[in-house]
Amino acid sequence: MSTLGRSGVEVSGLAFGGAAVGNLFTEVGDEQAHQAVTAAWERGIRYFDTAPHYGLGLSEQRLGEALKAYPRTEFTLSTKVGRRLEPSDAGGDDLADGFAVPAARRRVWDFTEDGVRRTLESSLERLGLDRVDVVYLHDPDDHAEAAFREGYPALEKLRSEGVVGAIGAGMNQVEMLTRFVRETDVDVVLCAGRYTLLDRSALDELLPAAVERGVSVVVGGAFNSGLLADPQPGATYDYTAAPPELLDKALRMKEIAGRHGISLRAAALAFCAAHPAVASVLVGARSAAEVHDCADQFAVPVPETFWRELRDTGLLEDHA
């Protein structure tokens, strides 16, 4: 277990990402989602992450229902604010935003203090809980002014009131996360897809700044949406078809991993976890089998000879 910044909130080294059980891309049944969360608990995972965005609240509902079986003091739960959900009668589905659910709600960008509080209250209702441990500002890429001027101070108030234990921001980019680390008093940032074997952009400024400021980093997207899990023609990278040059790079890494007796998945997870700023690696799973595989791979020791060969072949920088 690691502590997020100076907050006292503890997280397990491997975390359960709740987007998949919110029907990310394809439908997942209630029982399958429940079994995935149960498997995570059985494998020692004690940090669970969700958001209203994931399945228009479905992920929060399913996580809350599954976690009722366990003592509240024994797990850490995070959710996110910035997208407030409102009822919608537009009909159809939500696949345009990535989720195979009916479009019974719509997302409204809202980083105001009132919006933050209302969003969190609605999340608690869906979760069936009286508190969450961590709250992130979710994807404020196009709303920087509102996020820094209104959203972040709202989170500071919630933390000072004891409503939440730790606060931060979660994004798929490093520039604004670095600004949060340097200019605010966040406990943690969630960096998705920007610290992996194929994209090490967080290594330049974000991770060093986090170490310097005592801010924790949770890494998501360790497999870059699929390419590092199973590199093959048609694999996805950041949720679109992987470019040929990245597919070739991933295949070379997979070949080297095989020579050293490990899987590329194990190497990808180990790489994310190794940096001193990283408190937890967040992995999305839609079934118990996927959870068990991730837990198995996370436990595999990766030999130093593997990293040395990656460096010798130019696939990894010397300072990584």
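**Contacts, burial and backbone**

Author: The side chains of Arg149 and Glu145 make a polar contact of 2.8 Å. This is a predicted model, and the answers below should be read accordingly.

Reader: Is Arg149 buried, partly exposed or exposed?

Author: The relative accessible area of Arg149 is 48%. Buried means under 20% and exposed means over 50%. The value for Arg149 lies in between, so Arg149 is partly exposed.

Reader: Where is Arg84, and is Arg84 buried or exposed?

Author: Arg84 has its place in strand S6, residues 83-87. Its relative accessibility is 11%, and the limit for buried is under 20%. Arg84 therefore counts as buried.

Reader: Which side chain makes a polar contact with the side chain of Arg84?

Author: Leaving aside neighbours within four places in sequence, Arg84 is in contact with several residues, including Arg106, Val108, Asp110, Gly115 and Thr119. A polar contact between side chains, at 2.9 Å, joins Arg84 to Asp110.

Reader: Which side chain is joined to that of Asp97 by a polar contact?

Author: Asp97 is found in the loop between strand S7 (93-94) and strand S8 (99-102). Leaving aside neighbours within four places in sequence, Asp97 is in contact with His53 and Arg107. The polar contact, of 3.3 Å, joins the side chain of Asp97 to that of Arg107.

Reader: Why does Asp97 count as partly exposed?

Author: Buried requires under 20% relative accessible area and exposed requires over 50%. Asp97 counts as partly exposed because its relative accessibility is 44%.

Reader: Which backbone nitrogen does the side chain of Gln173 reach?

Author: Gln173 has its place in the loop between S11 and H5 and is buried, with a relative accessible area of 17%. Its side chain makes a polar contact with the side chain of Asp141 at 3.1 Å. At 2.8 Å, the side chain of Gln173 also reaches the backbone nitrogen of Met176.

Reader: Which residues of helix H5 are buried, and what covers them?

Author: Helix H5 spans residues 175-183, and its buried residues are Met176, Leu177, Thr178, Phe180 and Val181. The elements that cover these buried residues include strand S10 (134-138), H4, strand S11 (166-171), strand S12 (188-192) and helix H6 (206-213).

Reader: How do helices H8 and H9 pack, parallel or perpendicular?

Author: Helix H8 (residues 264-274) and helix H9 (residues 288-298) pack with their axes 8 Å apart and at an angle of about 65 degrees. That angle makes H8 roughly perpendicular to H9.

Reader: Which residues meet where H8 packs against H9, and how many of them are nonpolar?

Author: From H8, Arg265, Ala266, Leu269 and Ala273 meet Asp293, Cys294, Gln297 and Phe298 in H9. The residues of this contact divide into 1 polar, 2 charged and, in answer to the question, 5 nonpolar.

Reader: Is the crossing of H8 and H9 left-handed or right-handed?

Author: The handedness rests on which way the near helix is turned from the far one, and clockwise counts as right-handed. The crossing of H8 and H9 is right-handed.

Reader: Is Asn224 buried or exposed?

Author: Asn224 has its place in the loop between strand S13 (216-220) and strand S14 (236-237). Not counting residues up to four places away in sequence, Asn224 touches residues including Gly193, Arg194, Asp199, Tyr237 and Asp238. With 1% relative accessibility, Asn224 counts as buried.

Reader: What is the phi of Ser225?

Author: Most residues other than glycine have a negative phi. Ser225 lies in the loop between S13 and S14 and is partly exposed, with a relative accessible area of 26%. Although Ser225 is not a glycine, its phi is positive, at about 75 degrees.

Reader: What is the phi of Tyr239, and is Tyr239 buried or exposed?

Author: Tyr239 is found in the loop between S14 and strand S15 (240-241). Its phi, a positive value in a residue other than glycine, is near 70 degrees. At 52% relative accessibility, Tyr239 counts as exposed.

Terms used. Residues numbered from 1 in each chain as written. Predicted model: local features only at pLDDT ≥ 70, side-chain atom pairs only at ≥ 80, totals over all residues. Heavy atoms only, no water. Axes fitted to C-alpha atoms, helices over the stretch in contact; angles between N-to-C directions. Helix = DSSP H or I, 4+ residues; strand = E, 2+ residues; numbered from the N terminus. Parallel < 35°, antiparallel > 145°, perpendicular 65-115°, else oblique. Contact = heavy atoms within 4.5 Å. Nonpolar A, V, L, I, M, F, W, Y, C, P; charged D, E, K, R; others polar. Buried < 20%, exposed > 50% of the residue type's maximum accessible area, 1.4 Å probe, protein only. Polar contact = N/O pair within 3.5 Å; in protein donor to acceptor, adjacent residues only side chain to side chain.
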